[in-house]
Structure formats: structure tokens, C-alpha cells
Amino acid sequence: MSKKQPNRLAQLIDHQAFAGSALPQPLANNMRLYIEATNEVKELLVDCLPEEILNTCWVVGLTSEQLILSVGSMTAANHIRYLQNAYLQVLTEQSITFKQLKQIRVVVAKTFADNYSSRQSSALLATLPKPSKANENQALSQNTKRTISQAAEHVTTDENLKKALLRLANH
């Protein structure tokens with residue numbers, strides 16, 4: 001028995017689920033948590049951190065006692081590490097989310113999403129692995145082709161995009 005195809009007016013998430021491309025629930029939950037935590041950190045540290053560091057700062061891990069931040073440069077990482085105790089104090093005193101925080105870890109991640117205005121887009125793109133040289137010329141799998149075709153047919157209304165996606169799937 002096959003799943004019933006959603007109509008063209010259905011929510012994007014319904015089309016993605018039908019096409020087999022929706023994020024698994026635990027991953028979607030973690031992503032939502034990290035985006036919310038990122039927004040809260042940026043609000044709390046807006047007067048402490050320079051704007052160029054805030055723009056590339058994302059929460060990439062969070063437990064009750066440890067916060068893991070991703071930043072865009074080694075200079076930014078060193079800045080946060082150097083002033084970690086001051087930032088810990090601000091976060092623990094001004095937020096219920098970070099009340100029990102004991103440590104801030106910092107990782108450097110060069111992202112190609114710095115020019116995007118949407119925070120969600122940037123967070124999504126920053127988590128995508130970069131393709132390795134070995135995979136550059138690899139053909140698309142049948143499942144990928146089917147997902148692209150279904151997205152073209154049922155998700156997009158832009159004719160040029162639809163044609164380009166169908167060409168890609170049939171290439």
C-alpha cells in the first residue's frame with residue numbers, strides 16, 4: 001500500500017515527508033533547540049561580543065553544564081576563550097536555559113553561509129558536510145533522483161526551477 005500523495009497546496013513539510021526528504025525527528029528537535037539557544041546567546045551577549053563575532057556564532061552543542069559554540073575564525077575563538085568566565089557569568093545570571101552552565105567550548109567552522117540573511121538558512125547550511133573530491137563526479141542515486149523529481153513536481157511552482165530540477169534528475 002503506497003502513501004497518498006499530498007495535493008499541491010499542502011504544507012512544504014508534507015511534500016518533503018512524501019518525497020522522503022524530511023529531517024528525522026530527533027535531528028529536527030536538536031536543530032530547533034540549537035537555533036533557539038543561538039538566538040538567546042546572541043541576545044544576552046549582544047553588548048559583550050563584537051558584531052563580527054556575533055554574526056558567525058552558533059550553538060552547536062548544549063547540555064545543562066556545557067555550551068559548545070561555533071565561530072568563523074581562530075581570532076573569534078581565542079577571544080571567547082579568553083573572556084569565557086565573564087561570558088559564563090552573564091549567561092548563568094541572566095538566563096534560565098544556561099543557569100547551570102559550567103563551561104563554554106569553542107570550535108572554529110568556516111561556513112559558506114555568511115552572506116545569507118536568514119538565521120535558519122545559515123544554521124542549516126553550516127551543518128552540511130562539504131563534498132570530498134572523490135564524490136564530485138559520482139552519479140546521483142536513484143533515491144536522490146526520485147526525491148529531486150518529486151520535489152520538482154510537487155513542491156516548487158517556479159517553472160524554470162522545475163525544468164532545471166527535472167534536467168538534473170534525468171542527467
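This is a predicted model: local features need pLDDT of at least 70, side-chain atom pairs count only at pLDDT 80 or more; totals for chains, interfaces and linings use all residues.
Trainee: Why is T38 called buried?

Mentor: T38 has a relative accessible area of 2%. Buried means under 20%, so T38, at 2%, is buried. T38 lies in helix α2, which covers residues 25-44.

Trainee: Which residues does T38 touch, leaving aside those up to four places away in sequence?

Mentor: T38 touches C57, W58 and V59.

Trainee: How do you know that the side chain of T38 makes a polar contact with the backbone oxygen of Y34?

Mentor: The side chain of T38 reaches that backbone oxygen at 2.7 Å. The cut-off for a polar contact is 3.5 Å between N or O atoms, and the value of 2.7 Å falls within 3.5 Å.

Trainee: Why is N78 described as partly exposed?

Mentor: The relative accessible area of N78 is 40%. Buried requires under 20% and exposed requires over 50%; 40% lies in between, so N78 is partly exposed. N78 belongs to helix α4, residues 74-82. The C-alpha atoms of N78 and V106 are separated by 8.5 Å, although the two residues are 28 residues apart along the chain.

Trainee: What makes the arrangement of α7 and α8 roughly antiparallel?

Mentor: Two packed helices are described by the angle between their axes and the distance between the axes. Helix α7 (residues 142-154) and helix α8 (residues 159-170) pack at an angle of about 165°, with their axes 9 Å apart. Angles over 145 degrees count as roughly antiparallel, and therefore α7 and α8, at about 165°, are roughly antiparallel to each other. Their crossing is left-handed.

Trainee: Which residues make the contact between α7 and α8, and how are they divided by class?

Mentor: Helix α7 contributes K145, I148, S149, A152 and E153. Helix α8 contributes K162, L165, L166, L168 and A169. By class, the contact has six nonpolar, one polar and three charged residues.

Trainee: How do you know that K145 and S149 fall into separate classes?

Mentor: Lys counts as charged, so K145 of α7 is charged.

Definitions and conventions:
Residues are numbered from 1 along each chain as its sequence is written. Side-chain values use heavy atoms; hydrogens and water are left out. Helices (H or I, at least four residues) and strands (E, at least two) are DSSP runs, numbered from the N terminus. Buried means under 20% relative accessible area, exposed over 50%, partly exposed in between (1.4 Å probe, protein chains only). A polar contact is a pair of N or O atoms within 3.5 Å; within protein, one must be able to donate a hydrogen and the other to accept it, and residues adjacent in sequence count only if both atoms are side-chain atoms. Contact means heavy atoms within 4.5 Å. Axes are lines fitted to C-alpha atoms, for helices over the stretch in contact, and angles run from 0 to 180 degrees between N-to-C directions. Angles under 35 degrees count as roughly parallel, over 145 as roughly antiparallel, 65 to 115 as roughly perpendicular and the rest as oblique. A crossing is left-handed if the near helix is turned anticlockwise from the far one by less than a right angle, and right-handed if clockwise.
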